[in-house]
Amino acid sequence: MFAELSATSNFTFLTGASHPEELMERAGLMGVGALAIADENSVAGIVRAHQRGREIASAVAARRAALEADGPIGPLCPEGFARPPSLDVDCVPRLLPGARIVLSCGFQVTVLPRDRAGWGRLCRLLSLGRLRAEKGACVLHVGDLVEWGEGLEMLVHPVGDWQAVTRRLLKRFGAAVSLCAAPRYDGRDAGRIARLAGCAERLGVPLVASARPLMHHGGRRRMADVLTAIRQGCRVDELGRAALANGEQRLRSEAEMLRLFAGHEAAVARAGEVAARCRFSLDELRYEYPSEVTGGETAGERLARLARAGLRWRYPSGAPEKVRAMLEHELELIGKLGYEPYFLTVHDVVDFARSRGILCQGRGSAANSVVCFCLGVTSVSPEIGTMVFERFVSEARDEPPDIDVDFEHERREEVIQHIYERYGRHRAGLCATVIHYRGKRATREVGRVMGLSDDTLSAMSSQIWGWGSVSGQMMDSRLREIGLDPADKRLVLTLSLIEEIQGFPRHLSQHVGGFIITEGRLDELVPVENATMEDRTVIPWDKDDIDTLGILKVDVLALGMLSCIRKAFDMLAEHHGQRFDLATLPPEDPRVYDMLCKADSLGVFQVESRAQMNFLPRMRPRCFYDLVIEVAIIRPGPIQGDMVHPFLRRRNGEEKVEFPSDALGEVLAKTLGVPLFQEQAMQIAIIGAGFSPDEADQLRRALATFKKLGRVSDFEGRFMKGMLKNGYDADFAARCFSQIEGFGSYGFPESHAASFALLVYASAWLKRHHPGVFACALLNSQPMGFYAPAQIVRDAREHGVEVRPPDINESFWDNTMEPDGEGGLALRLGFRQIRAMREEEARWICAARGNGYRDVAAVWRRAGVAPHLMEALAEADVFAALGLNRREALWEAKALRGDAPLPLFAGALEGEGIAEAAAVLPQMSLGEEMVEDYVAMRLSLRAHPMALLRPRLTPAEGTPVEGIGTATAGRTRTATYLSPPVDDQGQGGRGFVWVREEGWQADPETGEMKCRTAVV
């Protein structure tokens, strides 16, 4: 049976025109017995082809079982008649993992590992080349190939000066070297193949046939040209000879290859012989997690000791019997599955962070367990959660556990570098994230190479929102609205290509924090390469790929609110002597819930958005689990699935809580019959629609990869049929699937929601009881959240916090809390609020301050501050405490020149200098002062900007006012202003601009007077 030994997928970025999965599917339909995905210096797409091969094998096995049980479908072929031509629906192509190695000299060879050892050497070879170069490049030499080529089948491509290198390889590897011949479809293939056969005979190497496909089907020719144009940075019309002459460079069947290689049929047969020698499969990869054995203890003994010690730490007065039983049960199950080392690794990472004073909080499926609570991985008490441990670490499913740990965003790099140092870069690396073509990027890049103008592309991009289908959003009516002709041939072709490129990989990026750690060498399991960020190394597989292969990862993530909470805890210890952590905060404080019910949540984690502020008074959370629901429900998924209003109606008693069946009632009872969590969506599919665990896992993967592939709707028919079969109403089934599909946009697991809810409570507790400390910590953790510093400061002042301006003798880089002289604390703004200031410069000023600065020039002389920075300090009015107003300080700062005083004028001139009369500068008005405050710091402590216009907006009593009659006492007009944009931008580069109203209004739900705010 023919084997294709050198196919290029679209993981040779901007070259291959087909997904690895498509190549596998096509190979099965064409009867190709084996297929080698050989991308350029990469194995990034191998796992996807491997997974598709598994699915094909499963489908073929199911078809054969059905055929044996029920007999053939349709009439049999009459005796004496030849069977009509049909697809080989029973063919399961065998994947041959490999790579096309391109050396720095231009020599090209496809290498295929024969066994597991050969795969390890291929990974070492690719790692060597990748680590020599910057991200995305690979530098390999002939000597590298000679050193690491043992155990690899080598198919030499006749490109450039290939014969000299081939002779060297022959001396080293002998029969493992072959010459690969591929047609070019230019009418001269017969003569070219004959010449290559002669060369092969003279060199003493066998000739092997390959189609060298760039695509699975000829219909992808246009896409191949578009990708080439994007790669070369030109229009498709300008490609010239770089464009494909035809659509023939596609996957071929054995019959086609025999026709193309007429007279050299043995070369086609040899491809199958080479494939037979390559028995390696990705199923042979046995991932070995670090043993984590220390001090003579086994991993199980060490985990049990640490967990039981943690139980005494968490429950000083003795743990409840239920918790003790849960701990023993979890330890037993973890031991059965051999996951003790994984939990120990997470514990050791968390323990390192704690030893450095880095606040962290675990989340994810297994994080909500007694073991993780006792190990200090999470601070969510297992008594709060409602999850069953087997749902996450299951003996039946044999799925690896999933624990994500969030660390302070400013200090996560310390944890990452600790992992590299402890395990070595040859044993630890970050996962990749595959960046796919979606929406705006597809429109921009495809449209540009198709010759559309930038104005046209901008207009088209403006019509695209989210991750949906471009064709679904680019309707004829909308194209006409933006001035485009839907019938234009070039535009129609462009839209077709934009739709076709959706989901194509564009390049590899770095995962946000998923670490792969191995007992042996990681670079013999998978290649390792450099990331863009310094001191980071990554592997080319993403989280879905490693899930397919059963490889565990530890997620080391960053969260800004943890930085804020840790800084607030430090200030409470410093100023109040109170020492808290996430687990020891006073629980279930009714005053905290009272504050949240009033939507007083600016800056509070997860519930500070306008949508959450509108929802809080209606939800009225009164316990921790209410916060769990609050976190999960205001998400695009539940909102799109119409879950919010039914939940509120049922919670408020306006709608009866009903369940379609007792079985689903057990799943949905805690959320009043409304599915809010991803776990519930999976349970509905299993219980309601009769999905098998394998099908449910495929649905979970589809939800996880919705943004990349958008395949959730593929399950709709199976889901609806299963629900109807089990007696559920069609409308209910359709509503359920709509809700599940909503989770594809963004749904939240219950375990994640519980971990985040703890941070909601912690940040709300700090805001309620220590608003100044909370505001100070929030300002010191910027940029983060929805709100700019101006809104944070304004909110703090509305909560009775005295906020003081930056001062040259009192401020530090960070904002600080200082005694207010009345037994309380005031918030002193730090130099970080000055836009032109850097931390290093601020620290020099503070270090040289001594007993204080007496004038502007002293700062320049003692701290060595550059003149331009002196002007920035003066513009921020930091010299006001020295008796200098802004203009006077700026006048003195502008007189300074150079980086330091000149030697002649460094000291006093003993009266020899010329005494100049002091300049008399006009005082700045309040309005001018406020404008300068916003220019320098993006906030002002002087007044609300609209207060300056209040006399014009509120005329004297009795004055005729157009539209409202005569002005009376208490009647005002309200004005707004646009505050500076928030520093951090949202998805797609969109930021937020806040409309702030000076006026106040009564909250319709609570009667509280609140400042009105809107977001644009």
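Predicted model: local features only at pLDDT ≥ 70, side-chain atom pairs only at ≥ 80, totals over all residues.

Visitor: How many helices and strands does the protein chain have, and what share of its residues count as buried?

Guide: The protein chain has 41 helices and 23 strands, and 53% of its 1016 residues count as buried. Of the contacts with a separation of 6 or more, 71% are between residues 24 or more positions apart.

Visitor: How are two packed helices described?

Guide: Two packed helices are described by the angle between their axes and by the distance between those axes. Here, helix H24 (residues 624–633) packs against helix H33 (residues 750–769) at an angle of about 115°, and the axes are 8 Å apart. H24 is therefore roughly perpendicular to H33, and the crossing of H24 and H33 is right-handed.

Visitor: Which residues of H24 and H33 meet?

Guide: On the H24 side they include Phe624, Leu627 and Val631, and on the H33 side Glu750, Phe756 and Tyr761 are among them. By class, the contact of H24 with H33 has 13 nonpolar residues, no polar ones and one charged residue.

Visitor: Turning to the loop residue, is Leu103 buried or exposed?

Guide: Leu103, which lies in the loop between strand S4 (99–102) and strand S5 (108–113), has a relative accessible area of 4%, and because buried means under 20%, Leu103 is buried. Leaving aside residues up to four places away in sequence, Leu103 touches Leu140, His141, Val142 and Leu145. Leu103 and His141 are 38 residues apart in sequence, while their C-alpha atoms are 5.4 Å apart in space.

Notes. Residues numbered from 1 in each chain as written. Heavy atoms only, no water. Helix = DSSP H or I, 4+ residues; strand = E, 2+ residues; numbered from the N terminus. Buried < 20%, exposed > 50% of the residue type's maximum accessible area, 1.4 Å probe, protein only. Contact = heavy atoms within 4.5 Å. Axes fitted to C-alpha atoms, helices over the stretch in contact; angles between N-to-C directions. Parallel < 35°, antiparallel > 145°, perpendicular 65-115°, else oblique. Left-handed = near helix turned anticlockwise from the far one by under 90°. Nonpolar A, V, L, I, M, F, W, Y, C, P; charged D, E, K, R; others polar.
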